[in-house]
Amino acid sequence: MVRTLESPVPSIPILRSGRVYRSLDEAELPAVDGSRVAARVSMANSGLVRRDLLDLNRGRDVLREIPARDLAAMCRRAGDIFLRDELPVGVEEYPQSPEDYVRSLSATSGLPFTLIRRNMARLHEVFSEIEVILGGLTRGLDLEVIDRGYGDQHGVPVSYAATTNVLSVILPSNSPAVNALWIPSLVLKTPVLLKPGREEPWTPWRIVQAFLRAGYPREAFHFYPTDHEGGTAIIRRSGRVMMFGDDATVSQYAQDERVEVHGSGRSKILIGEDAVDDWPELIEILVESVSANSGRSCINASAIVAPRHGKAIAEALAQALAGWEPKAADDPSAVLSGFANPQFAEFIDGAIEEGLTTPGAVDVSAALRTGPRHVVRDNMHYLLPTIVCCQSFGHPLANREFLFPYASVVEMPQAEMLEAIGPSLVVTAATRDEGWIRQLLESPWIDRLNIGKTPTNRVQWNQPHEGNLFEFLYKRRSFQLTPMHV
């Protein structure tokens, strides 16, 4: 069932241990184009958050009684429900079909329908592949060890203790797929407390409803739309926090072992000396790495480094993206996302223009545009794909990450790359040079390494992404079991 403009406005409540709670403080969530109010959201004040965080043990106690394999089976069912079923938004009298969800999320986030559906499919894979994901996180640990607290792994006695009674997640609004990172915690018997992004309550809410319909206990879910003060209370009073934000925000907690920070990825593609003369064979990989999900993910490549042919690579990449333009949200060919907050588009555009005033950088895409980078269509703000060719990695635009299809291209000798790139969530290295591959494997800057023709945005479900959730939620203890004889 597709909602019309005359349909009732959904009211998204707070969830306190899975129970609906409505606040007198209700925020209106407007459609990005200003045409309507898309939802009303109950806001939890910081006092309510602090009070509830004093006692969240019930969710952990209930999950602990359910075998992990049963939780995994329910997780797989939840994935099918998330993808296909009609689910309530707030109350049963406002059911939301998958198509309603797509339209609602597009209206408040600026994402076109095509990208939302791709993100839905990716999330469905997380539900479906949960046992493969857990195998990667735990290195093949038998899930019964989670049930008992101890067991055997590869012939070695092991025991694990939970580090928290709840995983609190401070979510962003840039991409629905970030919710994939907290889903496995529930099979690991850790309840979740979710603070949704301002423009994106839809996806975490829908995931929670899918889990509930699949049979998960209500006590395992807490949903708190709240302001900055409430968010700070969540971070300070939770045993474990998964936090998304910009560099300035996450840097405050970078040294706090309770907080797993997810900031800028600054992912990169490094082209080796042995592969650079064949760079045209890499263009498809470069395009996907830079532009997938409209460039909004931390695993999108924001820099391409090559020993030579930098100008030619930049021009070819810019040409491949030159046809991207704003389209109606429901256009099947739409691939460019708008900005829910126009000020973000203005800030990013201004930052690039300011960076270009520093000598040593050229906006290669500018020659292919018929107008400005920042454009408006149907009251929605967009930034057109931008490829900047930089003379050195020290240029202000050479190692920047923005929430749209943007990348710098820099020439640098292969021998200097690993010292220059800095922290990088993903690095794809196009090379067959065994000696350099060994150096890449030794680099402390690289969180995830792809060797060969793999785009930076491709993930393997059996590989941890930006930290290991199992090791974050459980600590291993020394353990020995000696039989008692009476």
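Biologist: Good. What kind of model is this, and how are things counted?

Modeller: This is a predicted model, where local features need pLDDT of at least 70 and side-chain atom pairs count only at pLDDT 80 or more, while totals for chains, interfaces and linings use all residues. Residues are numbered from 1 along each chain as its sequence is written, and side-chain values use heavy atoms, leaving out hydrogens and water.

Biologist: Which strand pairs with strand 20 in the parallel sense, and which in the antiparallel sense?

Modeller: Strand 21 (residues 406–411) is the parallel partner, over 5 bridges, and Cys-389 has Val-409 as its bridge partner there. Strand 17 pairs with strand 20 in the antiparallel sense over 3 bridges. Two strands pair if DSSP finds at least two bridges between them.

Biologist: Where does Asp-363 sit?

Modeller: In strand 17 (residues 361–363), with Val-388 of strand 20 as its bridge partner.

Biologist: Is Asp-363 buried or exposed? And what does its side chain make polar contacts with?

Modeller: Asp-363 counts as buried, at 11% relative accessibility. Its side chain makes polar contacts with the side chains of Arg-369 (2.9 Å) and Arg-373 (2.8 Å). A polar contact is a pair of N or O atoms within 3.5 Å; within protein, one must be able to donate a hydrogen and the other to accept it, and residues adjacent in sequence count only if both atoms are side-chain atoms. Leaving aside residues up to four places away in sequence, Asp-363 also touches Leu-356, Thr-386, Ile-387 and Val-388, among others.

Biologist: Now another Asp. Where is Asp-142 found?

Modeller: Asp-142 is in the loop between helix 6 (130–138) and helix 7 (144–148). Asp-142 is partly exposed, with a relative accessible area of 34%, and its side chain makes a polar contact with the side chain of Arg-69 (3.4 Å).

Biologist: Switching topic: which residues touch the most other members of the largest nonpolar core?

Modeller: Of its 72 residues, those are Trp-182, Ile-183, Leu-186, Trp-202, Phe-211, Tyr-216 and Phe-221. A nonpolar core is a set of buried Ala, Val, Leu, Ile, Met, Phe, Trp, Tyr and Cys residues joined through side-chain atoms within 4.5 Å. Apart from that core lies another, of 31 residues, among them Ala-275, Ile-304, Leu-336 and Val-409.

Biologist: What's the order of the open sheet of 3 strands?

Modeller: The order is 8-9-24, with antiparallel pairing. Strand 8 (150–153) and strand 24 (474–477) are the edge strands, each pairing on one side only. Strand 9 (residues 156–162) is joined to strand 24 by 4 bridges, and Ala-161 has Lys-475 of strand 24 as its bridge partner.

Biologist: Last one, the whole protein. How many helices and strands are there?

Modeller: There are 17 helices and 24 strands. The radius of gyration is 23 Å, close to the 23 Å that the globule rule gives for 486 residues, so the protein is as compact as a globular protein of that length. That radius is taken over C-alpha atoms, and the rule is 2.2 Å times the number of residues to the power 0.38. The C-alpha trace spans about 75 × 65 × 35 Å along its principal axes, and 57% of the 486 residues count as buried.

How values were computed
Helices (H or I, at least four residues) and strands (E, at least two) are DSSP runs, numbered from the N terminus. Buried means under 20% relative accessible area, exposed over 50%, partly exposed in between (1.4 Å probe, protein chains only). Contact means heavy atoms within 4.5 Å.
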